[in-house]
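Thank you for letting me speak today; please look at the model with me, and we will go through it step by step.

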Amino acid sequence: MCLAAFAVIQLLVPTGLFTVSFRGRLLWIPLLAAEAKPRAARKLARQRVVVRLEAHHALETAALAAD
């Protein structure tokens, strides 16, 4: 979410609607870094769910083939 807000502000700065100082832009660094951790955790969680679903599907397919 922070990345989207940052991108919108960066797009609006050249239009003159916003003025952002260098220090103001530096304040985004910790916000963007903090957002990266949950994004990585969500990606890992999605990968784990996919692996579990594939394993479950393989077991069901093997059980149906054995019948």
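The structure holds one salt bridge, a term that stands for a side-chain nitrogen of Lys or Arg within 4 Å of a carboxyl oxygen of Asp or Glu. Please keep in mind that this is a predicted model, in which local features need pLDDT of at least 70 and side-chain atom pairs count only at pLDDT 80 or more, while totals for chains, interfaces and linings use all residues. Residues are numbered from 1 along each chain as its sequence is written, and side-chain values use heavy atoms, with hydrogens and water left out.

Which side chains meet in the salt bridge? They are those of Arg39 and Glu35, at 2.7 Å from N to O. In general, side chains of opposite charge can pair when their charged atoms come close. Arg39 and Glu35 are four residues apart in helix H3 (residues 28-66), and therefore about one helical turn separates them. Helices here are DSSP runs of H or I with at least four residues, strands are runs of E with at least two, and both are numbered from the N terminus.

Is Glu35 buried or exposed? With a relative accessible area of 13%, Glu35 is buried, whereas Arg39, at 38% relative accessibility, counts as partly exposed; buried means under 20%, exposed over 50%, and partly exposed in between, with a 1.4 Å probe and protein chains only.

Turning to the chain as a whole, its secondary structure comes to three helices and zero strands, and from the N terminus on the elements run α-α-α. The radius of gyration, taken over C-alpha atoms, is 22 Å, well over the 11 Å that the globule rule gives for 67 residues, so the chain is more spread out than a compact globule; that rule is 2.2 Å times the number of residues to the power 0.38. Along its principal axes, the C-alpha trace spans about 70 × 20 × 10 Å, and 7% of the 67 residues count as buried.

Gly16 counts as exposed, at 53% relative accessibility, and although 24 residues separate Gly16 from Ala40 in sequence, the two are 34 Å apart in space, C-alpha to C-alpha. As for Leu26, its place is in helix H2 (residues 22-26), and with a relative accessible area of 38% Leu26 is partly exposed.
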